[in-house]
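Dear colleague,

Please find below the structure that I am handing over to you. My notes on its charged side-chain pairs follow.

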Amino acid sequence: MSTQDGPILIIGTERSGSNLLRLVLDAHARIAVPHPPHFMRYLSGIPYDGDVDAMVGDAMRLLRHHIHPWPHVIDRAAVTGAAGTSLFGVVSAIYDQYRVAEGAARWGCKSTFMVEHVDEVLAELPDARFLWLVRDPRDVAASAKRAVFGHCHPYRMALRWTAEQDLARAALERWGPDVVHLVRYEDLVSEPDREIRAICDFIGEAFEPAMLAHHLGDHARVTASLSASWRTAGDPITTARIGAHRRGLSERERRQVESVTAPAMEKLHYPFDGDSPAEPAPGPLRVALGGFAVRMAVEARSLCTDRNHFRRWRRDVTVRRLRRRAKPGRAPVPAGESR
């Protein structure tokens, strides 16, 4: 596989515009980027001990129960034959089948949790390239607070955002700018032509005008139709969601987020009022109670509006069953925390 045909992986933190970037890349004639079942996120803690058939079986189970069904049937036997002996080898074989079915030269993955697996990916596919997508953590927290996928208390989201930016920065420092490219959501939506051209230069592809009109594609329309949390996938690129925290977070929540994320925000050039009083971390009971009412409202909305509501419940049951087999301390994330 040539460098130009290596996979493209979006890393960072969910609710950062990864669906937008996925669809922008997917609009390129040479690139296929399906919505991810988060294979590595859910399966990497399970002790397979080299049992490829078990890895393939669990991956296919996740794919069957995926909240965003793929339009192509994946051949299990072919995956087993092409997978090698690692879990990411299984993932790569599945994505490669999708790529072929789409008639594309290379595949992409928008599972931002792959920020935890950069070294594993490069050990398997040295020509892989990573787009580190970062967004103002206050806006990330505001989005996660009301999303049925990735729903999370703002304080917990701030902790996750900080840890994942640290991992992405470490990957950039270790592998360099030829392998990891920083993309700021705010720049992407404010100057899309400039930023998408820079992305194309990084991944070694010619810019295509269709990338600026991703919302006109069939894949964008399908995504937008499945869930209220994805409805903006069918919209043109817009700056309307910059500063969403001003409406989506309370003053206390904003200060809690900034208290956790301030050092990383400064490194990534996100301005904030450094004179604001620090907000103590909320206790576990406050986090649980504070999120319960909002969660119930989000679930009620999803039940009324989302076409994939029951698929999400089935996926969550599948993940919980998988978690029972995970090594202590390395359980895959609870299903409700990933989109």
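Arg197 is partly exposed at 38% relative accessibility, and Asp193 is likewise partly exposed, with a relative accessible area of 34%; the term covers values between buried (under 20%) and exposed (over 50%), computed with a 1.4 Å probe on protein chains only. The two side chains meet in a salt bridge (2.9 Å, N to O), that is, a side-chain nitrogen of Lys or Arg within 4 Å of a carboxyl oxygen of Asp or Glu. Both residues lie in helix α10 (residues 192-203), 4 residues apart, about one turn of the helix. Salt bridges with shared partners also join Asp136, Arg138, Glu251, Arg254, Arg255 and Glu258 into one network.

This is a predicted model, in which local features need pLDDT of at least 70 and side-chain atom pairs count only at pLDDT 80 or more, while totals for chains, interfaces and linings use all residues. Residues are numbered from 1 along each chain as its sequence is written, and side-chain values use heavy atoms, leaving out hydrogens and water.

The whole structure holds 22 salt bridges. One of them pairs Glu14 with Arg160 (2.4 Å, N to O). Glu14 lies in the loop between β1 (8-12) and α1 (18-26) and Arg160 in helix α8 (residues 154-175), so this pair ties together parts 146 residues apart in sequence. Helices (H or I, at least four residues) and strands (E, at least two) are DSSP runs, numbered from the N terminus. Glu14 and Arg160 are both buried.

Yours sincerely
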